[in-house]
Amino acid sequence: KQWYQRRVAITAGGKNLNKNKLMKMGIHLPTGQKAAPKACTTAPFGESPGMSKIRRNGKNKFYVCAWVNFQHHIGEDKATPEYNSDTVDMRFDLFKSCVDEVNRLNKQKDSTSTSGINFFCDMTEEEKRPYFNGLVMPEAEA
């Protein structure tokens, strides 16, 4: 029964969108992915189905849905070059790390803020640097 409930949550909202249909929408899937649920594009920005179920280094299906949602909604705020077959996997890995960090921050019990997905999520550190106007953040203690 739990498997069925999870499956319904991921596929809610209708049929899957295949890779060609997503490409026409300007959405690139990482290597090995052939489709994504339509609900990934219809959910509000940063609230893709399964977003709260993503666990660090978890199954790609939740990350892929969040990735599709990000690309569908980012629009004019996108600050990185257009994705292509050579860069999409690298950008997807950066995005997954960002999602993991957002979820980690939001799980902190003493936090007074809420973190979210934003246009920095597919950027390298070098690409982010100009947005911080020279601010150097202290290294986090391990």
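Tutor: Let us begin with the surface: the accessible surface of the protein chain comes to about 9600 Å², and 50% of that belongs to carbon and sulfur atoms, where accessible areas come from the Shrake-Rupley method with a 1.4 Å probe and, for residues, only the protein chains shown count as cover. Please keep in mind that this is a predicted model, in which local features need pLDDT of at least 70 and side-chain atom pairs count only at pLDDT 80 or more, while totals for chains, interfaces and linings use all residues. Residues are numbered from 1 along each chain as its sequence is written, and side-chain values use heavy atoms, with hydrogens and water left out.

Student: How many helices and strands are there in the protein chain?

Tutor: Helices (H or I, at least four residues) and strands (E, at least two) are DSSP runs, numbered from the N terminus. The protein chain has six helices and two strands, and along the sequence they follow the pattern α-β-α-β-α-α-α-α.

Student: What percentage of the residues of the protein chain count as buried?

Tutor: Buried means under 20% relative accessible area, exposed means over 50%, and partly exposed lies in between (1.4 Å probe, protein chains only). Of the 142 residues here, 32% count as buried.

Student: How should I read a disulfide, and how many does a search of the whole structure find?

Tutor: A disulfide is a covalent bond between the sulfur atoms of two cysteines, and the test applied here is a pair of cysteine sulfur atoms within 2.5 Å. The search finds two disulfides. One joins Cys40 to Cys65, with an S to S distance of 2.0 Å. Because Cys40 lies in helix H3 (residues 39–42) and Cys65 in helix H4 (residues 60–74), this pair ties together parts that are 25 residues apart in sequence. The torsion about the S-S bond of Cys40 and Cys65 is about -115 degrees, so this disulfide is left-handed. Cys40, at 0% relative accessibility, counts as buried, and so does Cys65, at 1%.

Student: Which cysteines form a disulfide with their sulfur atoms 2.1 Å apart?

Tutor: Those are Cys98 and Cys121. Cys98 sits in helix H5 (residues 88–106) and Cys121 in the loop between H5 and helix H6 (125–128), so that the pair links distant parts of the chain, 23 residues apart. Both Cys98 and Cys121 are buried.

Student: How many residues of H4 are buried?

Tutor: H4 is mostly covered, with 11 of its 15 residues buried, including Phe62, Trp67 and Ile74. From its first C-alpha to its last, H4 reaches 20 Å, close to the 21 Å expected at 1.5 Å a residue, where the expected span is 1.5 Å times one less than the number of residues.

Student: Which residues have the most contacts inside the largest nonpolar core?

Tutor: A nonpolar core is a set of buried Ala, Val, Leu, Ile, Met, Phe, Trp, Tyr and Cys residues joined through side-chain atoms within 4.5 Å. The largest one has 26 residues, and those with the most contacts inside it are Val68, Phe70, Phe95 and Ile117. The largest share of this core, nine residues, comes from H4.
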